[in-house]
Amino acid sequence: MMNQFDYIKQHYAVPAAIGRLVKVNGRAGVIVKDCGHHLGVNFDDDKPGVIRHCHPTWEVEYGEIGSIRKTTKSQQRYKRYLEYGDGFKNFIEFCYWDASPENEWNRGAA
(Lines give C-alpha, C1' and ligand atoms only; values in the text may rest on other atoms or scores of the structure.)
Protein backbone atom coordinates (compact mmCIF):
# COMPACT_ATOMS: atom_id res chain seq x y z
CA MET A 1 0.00 0.00 0.00
CA MET A 2 1.32 3.42 -0.93
CA ASN A 3 1.66 6.22 1.60
CA GLN A 4 0.77 9.85 1.02
CA PHE A 5 2.71 11.41 -1.85
CA ASP A 6 4.59 8.17 -2.68
CA TYR A 7 3.55 8.44 -6.33
CA ILE A 8 4.63 12.07 -6.58
CA LYS A 9 7.90 11.46 -4.73
CA GLN A 10 8.78 8.46 -6.92
CA HIS A 11 7.80 9.93 -10.28
CA TYR A 12 8.80 13.56 -9.83
CA ALA A 13 11.57 13.32 -7.17
CA VAL A 14 10.18 16.19 -5.08
CA PRO A 15 9.86 16.50 -1.27
CA ALA A 16 6.05 16.70 -1.19
CA ALA A 17 4.54 16.38 2.30
CA ILE A 18 1.57 17.65 4.26
CA GLY A 19 2.49 21.00 5.76
CA ARG A 20 5.37 21.73 3.35
CA LEU A 21 5.55 25.38 2.35
CA VAL A 22 5.58 25.97 -1.41
CA LYS A 23 5.59 28.77 -3.94
CA VAL A 24 3.68 27.92 -7.09
CA ASN A 25 4.20 30.38 -9.92
CA GLY A 26 5.12 32.97 -7.27
CA ARG A 27 2.10 32.31 -5.01
CA ALA A 28 2.95 31.22 -1.47
CA GLY A 29 1.01 28.39 0.12
CA VAL A 30 1.17 25.13 2.01
CA ILE A 31 0.52 21.55 0.88
CA VAL A 32 -2.62 20.30 2.65
CA LYS A 33 -3.69 17.22 0.66
CA ASP A 34 -2.41 14.42 -1.55
CA CYS A 35 -4.46 14.67 -4.74
CA GLY A 36 -2.98 11.69 -6.57
CA HIS A 37 -0.88 13.12 -9.38
CA HIS A 38 -1.23 16.65 -8.01
CA LEU A 39 -0.51 18.57 -4.84
CA GLY A 40 -3.45 19.97 -2.88
CA VAL A 41 -2.29 23.49 -1.97
CA ASN A 42 -3.94 26.10 0.22
CA PHE A 43 -2.52 29.42 -0.92
CA ASP A 44 -1.92 32.16 1.61
CA ASP A 45 -4.22 34.54 -0.29
CA ASP A 46 -7.09 32.00 -0.29
CA LYS A 47 -9.37 31.24 2.64
CA PRO A 48 -8.28 28.34 4.86
CA GLY A 49 -9.71 25.10 3.53
CA VAL A 50 -9.63 26.16 -0.14
CA ILE A 51 -7.59 23.50 -1.91
CA ARG A 52 -6.16 24.04 -5.38
CA HIS A 53 -4.63 21.25 -7.46
CA CYS A 54 -1.08 21.98 -8.59
CA HIS A 55 1.33 19.93 -10.69
CA PRO A 56 4.33 18.90 -8.53
CA THR A 57 6.96 20.30 -10.91
CA TRP A 58 5.32 23.22 -12.70
CA GLU A 59 6.81 26.43 -11.28
CA VAL A 60 6.95 24.94 -7.75
CA GLU A 61 9.56 25.90 -5.16
CA TYR A 62 9.56 23.65 -2.11
CA GLY A 63 10.35 25.07 1.32
CA GLU A 64 10.39 23.95 4.93
CA ILE A 65 7.53 22.36 6.86
CA GLY A 66 5.03 24.96 8.08
CA SER A 67 1.57 24.87 9.61
CA ILE A 68 -1.83 24.41 8.03
CA ARG A 69 -4.40 27.11 8.74
CA LYS A 70 -7.63 25.93 10.34
CA THR A 71 -10.88 26.30 8.48
CA THR A 72 -13.36 28.91 9.73
CA LYS A 73 -16.45 27.87 11.69
CA SER A 74 -18.67 28.63 8.70
CA GLN A 75 -16.47 26.48 6.44
CA GLN A 76 -16.67 23.65 8.97
CA ARG A 77 -20.48 24.02 9.12
CA TYR A 78 -20.72 23.98 5.31
CA LYS A 79 -18.62 20.82 5.17
CA ARG A 80 -21.04 19.19 7.66
CA TYR A 81 -23.96 20.44 5.54
CA LEU A 82 -22.50 18.67 2.51
CA GLU A 83 -22.25 15.51 4.59
CA TYR A 84 -25.60 15.61 6.46
CA GLY A 85 -27.71 18.22 4.63
CA ASP A 86 -29.77 15.84 2.50
CA GLY A 87 -31.74 14.82 5.59
CA PHE A 88 -33.22 18.29 6.15
CA LYS A 89 -35.99 20.28 4.47
CA ASN A 90 -33.87 23.42 4.22
CA PHE A 91 -30.64 25.03 5.39
CA ILE A 92 -32.25 26.74 8.41
CA GLU A 93 -33.49 23.39 9.71
CA PHE A 94 -29.98 22.02 9.27
CA CYS A 95 -28.51 25.03 11.15
CA TYR A 96 -30.79 24.40 14.15
CA TRP A 97 -29.71 20.79 14.25
CA ASP A 98 -26.05 21.72 13.69
CA ALA A 99 -26.09 24.14 16.65
CA SER A 100 -27.51 21.53 19.03
CA PRO A 101 -25.32 20.98 22.11
CA GLU A 102 -25.85 17.25 21.62
CA ASN A 103 -23.51 17.26 18.61
CA GLU A 104 -19.89 16.41 19.40
CA TRP A 105 -18.53 19.52 17.62
CA ASN A 106 -20.50 21.74 20.03
CA ARG A 107 -19.39 20.07 23.25
CA GLY A 108 -17.04 22.16 25.30
CA ALA A 109 -17.60 25.25 23.14
CA ALA A 110 -18.40 28.38 25.09
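# A tour of a predicted model

Start by selecting Phe91, Ile92 and Tyr96, which form a nonpolar patch on the surface and together have about 360 Å² of accessible area. A patch here is made of residues with over 30% relative accessible area and no salt bridge, where like charges are joined within 9 Å and nonpolar side chains (Val, Leu, Ile, Met, Phe, Trp, Tyr) within 5 Å. Areas come from the Shrake-Rupley method with a 1.4 Å probe, and for residues only the protein chains shown count as cover. A salt bridge is a side-chain nitrogen of Lys or Arg within 4 Å of a carboxyl oxygen of Asp or Glu.

This is a predicted model, in which local features need pLDDT of at least 70 and side-chain atom pairs count only at pLDDT 80 or more, while totals for chains, interfaces and linings use all residues. Residues are numbered from 1 along each chain as its sequence is written, and side-chain values use heavy atoms, with hydrogens and water left out.

Stay on Tyr96, which sits in helix 3 (residues 91-98). Helices (H or I, at least four residues) and strands (E, at least two) are DSSP runs, numbered from the N terminus. Tyr96 counts as exposed because its relative accessibility is 65%. The scale used is: buried under 20% relative accessible area, exposed over 50%, partly exposed in between (1.4 Å probe, protein chains only).

**The whole chain**

Now zoom out and colour by secondary structure. There are three helices and five strands, and along the sequence they follow the pattern α-β-β-β-β-β-α-α. The C-alpha atoms fill a box of roughly 50 × 30 × 25 Å along the principal axes. The radius of gyration is 18 Å, whereas a compact globule of 110 residues would have one near 13 Å. This radius is taken over C-alpha atoms, and the globule rule is 2.2 Å times the number of residues to the power 0.38. Of the 110 residues, 27% count as buried. The protein exposes about 7800 Å², and carbon and sulfur atoms supply 51% of that area.

**The core**

Next select the largest nonpolar core. Which residues make up this core? The twelve are Phe5, Ile8, Val14, Ala16, Val22, Val24, Ile31, Leu39, Val41, Phe43, Cys54 and Val60. A nonpolar core is a set of buried Ala, Val, Leu, Ile, Met, Phe, Trp, Tyr and Cys residues joined through side-chain atoms within 4.5 Å. Strand 1 (20-24) and strand 3 are the elements that give two or more residues to this core, and strand 3 gives the most, with three. In soluble globular proteins, nonpolar side chains tend to be buried together.

Leaving aside neighbours within four places in sequence, Ile8 is in contact with Ala13, Val14, Ala16, Gly36, His37, His38, Leu39 and Pro56. Contact means heavy atoms within 4.5 Å.

Then move to Phe5, in the segment before helix 1 (6-12). Phe5 is buried because its relative accessible area is 2%. Its phi is positive, about 70 degrees, although Phe5 is not a glycine. Most residues other than glycine have a negative phi. Asn25, in the loop between strand 1 and strand 2, also is not a glycine and has a positive phi, of about 55 degrees.

**A loop residue**

Select Ile18, in the loop between helix 1 and strand 1. With 33% relative accessibility, Ile18 counts as partly exposed. Leaving aside neighbours within four places in sequence, the contacts of Ile18 include Phe5, Ile31 and Ile68.

**The salt bridges**

How many salt bridges does the structure hold? There are four. Show the side chains of Asp46 and Arg27, which meet in one of them (3.4 Å, N to O). This pair links distant parts of the chain, 19 residues apart: Asp46 is in the loop between strand 3 (38-43) and strand 4 (52-54), and Arg27 is in strand 2 (residues 27-35). Asp46 counts as buried, at 12% relative accessibility, while Arg27 is partly exposed, at 31%.

Asp46 also forms a salt bridge with Arg52, with the closest N and O atoms 2.8 Å apart. Arg52 is partly exposed, with a relative accessible area of 37%.

Last, select Arg80 and Asp98, whose side chains meet in a salt bridge (2.6 Å, N to O). Arg80 lies in helix 2 (residues 73-84) and Asp98 in helix 3, so the pair ties together parts 18 residues apart in sequence. Arg80 and Asp98 are both buried. Elsewhere, salt bridges that share partners join Arg27, Asp45, Asp46 and Arg52 into one network.
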